[in-house]
Amino acid sequence: MGLDKVIDDAVEAVADVAHGASLAVGGFGLCGIPSALIHALLERRTGGLRVVSNNCGVDDWGLGLLLREGLIARMTSSYVGENKEFARQYLGGELELELVPQGTLAERLRAGGAGIPAFYTPAGVGTQIAEGGIAWRHHPDGSVAAAAPPKETRIFHEREYLLEEGITTDFALVRAAVGDRHGNLVFHASARNFNPLAAMAGRITVAEVEELVEPGAIPPGEVQLPGVFVQRVVPVAADDPAAEKRIERRTVRPVAETGRAMAHPGTETERRTLRPVGEGGR
């Protein structure tokens, strides 16, 4: 029974996330984000959070909900371009931001989870990432209050590399398609993205899972993240509004442009994605 890591309530699962805690959060855009756990933090009004995540959601979903309520103090990210409130807070001195190249961010999380304190990478050589000076925080008047320091460099085999530190956090929040009671996880397709890396970096990792199975139901060769990295498992229902899977930006054409009307248009997704045979549909 000691290996049973299931906690049925998301709010209870994040109850010990204190003000000012650091969090690694999985997801890429809105794909694979732990939205139920994010809503639980929102319900608890946990603030001063220092979050490491590829991006910060959008204005009305994902981490953007915590940002909108002023609950995030610092972000370490690689991309923040979809959130206007993020830009407003950063440029107005309300939010601190460390921008990290995307591959470097992934490796910093993996390294932290693997117990590697630092590593050398060629990414960022010859840029402000190496030279320092990128604003971490602004004053309200727009001037720079704190800037990134220069990074240590070293030559290996006649090529220059930067020293980057591994990342570990107090907690990690991730989402998986399938998980068992021991915390072994399987992710669905591209929702795998940053989730395993974030899970590795957290000292306490909380995983929301769409399907909870008994130990042994996941074949060992299909486990994508071993339960040793997961301390809490929270089942989420498909009809839970907090667990909704949203699309960040639709890029398909509306039905009117496909050249024919459908007798049974079906769901909104079907209406936007079906194509005539001649245009790649079926």
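Predicted model: local features only at pLDDT ≥ 70, side-chain atom pairs only at ≥ 80, totals over all residues.
Helix H2 is followed by Arg45, whose phi is positive, near 60°. Helices here are DSSP runs of H or I with at least four residues, strands are DSSP runs of E with at least two, and both are numbered from the N terminus. H2 itself covers residues 35–44, and seven of its ten residues are buried, so the helix is largely enclosed by the rest of the structure. By buried I mean under 20% relative accessible area; exposed means over 50%, and partly exposed lies in between, with a 1.4 Å probe and protein chains only. The buried residues of H2 are Ser35, Ala36, Leu37, Ile38, Ala40, Leu41 and Leu42.

Residues are numbered from 1 along each chain as its sequence is written, and side-chain values use heavy atoms, with hydrogens and water left out.

For the protein as a whole, there are eight helices and 13 strands. Of the 282 residues, 45% are buried. Contact means heavy atoms within 4.5 Å. Among contacts with a separation of 6 or more, 70% are between residues 24 or more positions apart.

Two strands pair if DSSP finds at least two bridges between them; S5 and S9 (residues 159–165) are joined by four. Within S9, Leu162 is the bridge partner of Thr121.

In the loop between H5 and S5 we find Ala114, which is partly exposed at 42% relative accessibility. The C-alpha atoms of Ala114 and Gly166 are separated by 8.9 Å, although these residues are 52 apart along the chain.

Next, the aromatic side chains. Rings of Phe, Tyr and Trp (its six-membered ring) pair if their centres lie within 6.5 Å; planes under 30 degrees apart count as stacked, over 60 as edge-to-face and the rest as tilted. The count comes to two aromatic pairs. Phe156 and Tyr161 form an edge-to-face pair, at 5.7 Å centre to centre and 80° between the planes. Phe156 is partly exposed at 27%, whereas Tyr161 is buried at 18%. Together with Tyr120, they form one aromatic cluster.

Which residue has its charged end over the ring of Trp61? That residue is Arg246, 3.8 Å from the ring centre. Likewise, the charged end of Arg74 sits over the ring of Trp136, 5.0 Å from its centre. The criterion is that NZ of Lys or CZ of Arg is within 6 Å of the ring centre and within 35 degrees of the ring normal.

Finally, Thr169 belongs to strand S10, residues 169–180, and is buried at 1% relative accessibility. Leaving aside neighbours within four places in sequence, Thr169 is in contact with residues including Ser22, Val52 and Arg203.
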